[in-house]
Amino acid sequence: MMRNFKNRILIRKMLLNILLKYLSPTNSLIVYISQDLDKLIALSQKNLYLKYLKRIKRNREISFNYKESINLRNIA
């Protein structure tokens, strides 16, 4: 999924850079592509953040279970 976002972002960035050489920045096509690029970047960042939160949650659960198993071994 991230690869898909990266490809779409790169395509829009290249297209925007090429079109900006020939068209005005206030052109409706340029504005549309720029807004679409902003949305894609925001979605990409959101997905990265959610992946980070999942990884942190998983690491906390693993470390918590590890601590519990150490305590049980000490008691037994």
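This is a predicted model: local features need pLDDT of at least 70, side-chain atom pairs count only at pLDDT 80 or more; totals for chains, interfaces and linings use all residues.

Colleague: Which residues make up the largest nonpolar core?

Modeller: The general idea is that nonpolar side chains tend to be buried together in soluble globular proteins. Here the largest core has eight residues: Phe 5, Ile 9, Leu 16, Leu 19, Ile 30, Ile 33, Leu 37 and Leu 40. Helices α1 (2–22) and α2 are the elements that each give two or more residues to this core.

Colleague: Let me zoom in on one member. Which residues does Ile 30 touch?

Modeller: Leaving out residues up to four places away in sequence, Ile 30 touches Leu 16, Leu 19, Leu 20, Leu 23, Ser 24 and Pro 25.

Colleague: And Leu 15: why does it count as partly exposed?

Modeller: Partly exposed covers the range between the buried limit of 20% and the exposed limit of 50%. Leu 15 is partly exposed because its relative accessibility is 40%. This residue lies in helix α1, and its C-alpha atom is 9.9 Å from that of Ser 34, 19 residues away along the chain.

Colleague: Now for charges. Which side chains meet in a salt bridge?

Modeller: In general, side chains of opposite charge can pair when their charged atoms come close. In this model the count is one salt bridge, where the side chains of Arg 12 and Asp 36 meet at 2.3 Å, N to O. The pair links distant parts of the chain, with Arg 12 in helix α1 and Asp 36 in helix α2, 24 residues apart. Arg 12 counts as partly exposed because its relative accessibility is 23%.

Colleague: Finally, which residues form a nonpolar patch on the surface?

Modeller: Look at Tyr 49, Leu 50, Tyr 52 and Leu 53, which together have about 380 Å² of accessible area. Tyr 49 sits in helix α2, residues 28–75. For the protein chain, the accessible surface comes to about 6800 Å², and 60% of that belongs to carbon and sulfur atoms.

Note on methods: Residues are numbered from 1 along each chain as its sequence is written. Side-chain values use heavy atoms; hydrogens and water are left out. Patches are made of residues with over 30% relative accessible area and no salt bridge: like charges are joined within 9 Å, nonpolar side chains (Val, Leu, Ile, Met, Phe, Trp, Tyr) within 5 Å. Accessible areas come from the Shrake-Rupley method with a 1.4 Å probe; for residues, only the protein chains shown count as cover. A salt bridge is a side-chain nitrogen of Lys or Arg within 4 Å of a carboxyl oxygen of Asp or Glu. Helices (H or I, at least four residues) and strands (E, at least two) are DSSP runs, numbered from the N terminus. A nonpolar core is a set of buried Ala, Val, Leu, Ile, Met, Phe, Trp, Tyr and Cys residues joined through side-chain atoms within 4.5 Å. Buried means under 20% relative accessible area, exposed over 50%, partly exposed in between (1.4 Å probe, protein chains only). Contact means heavy atoms within 4.5 Å.
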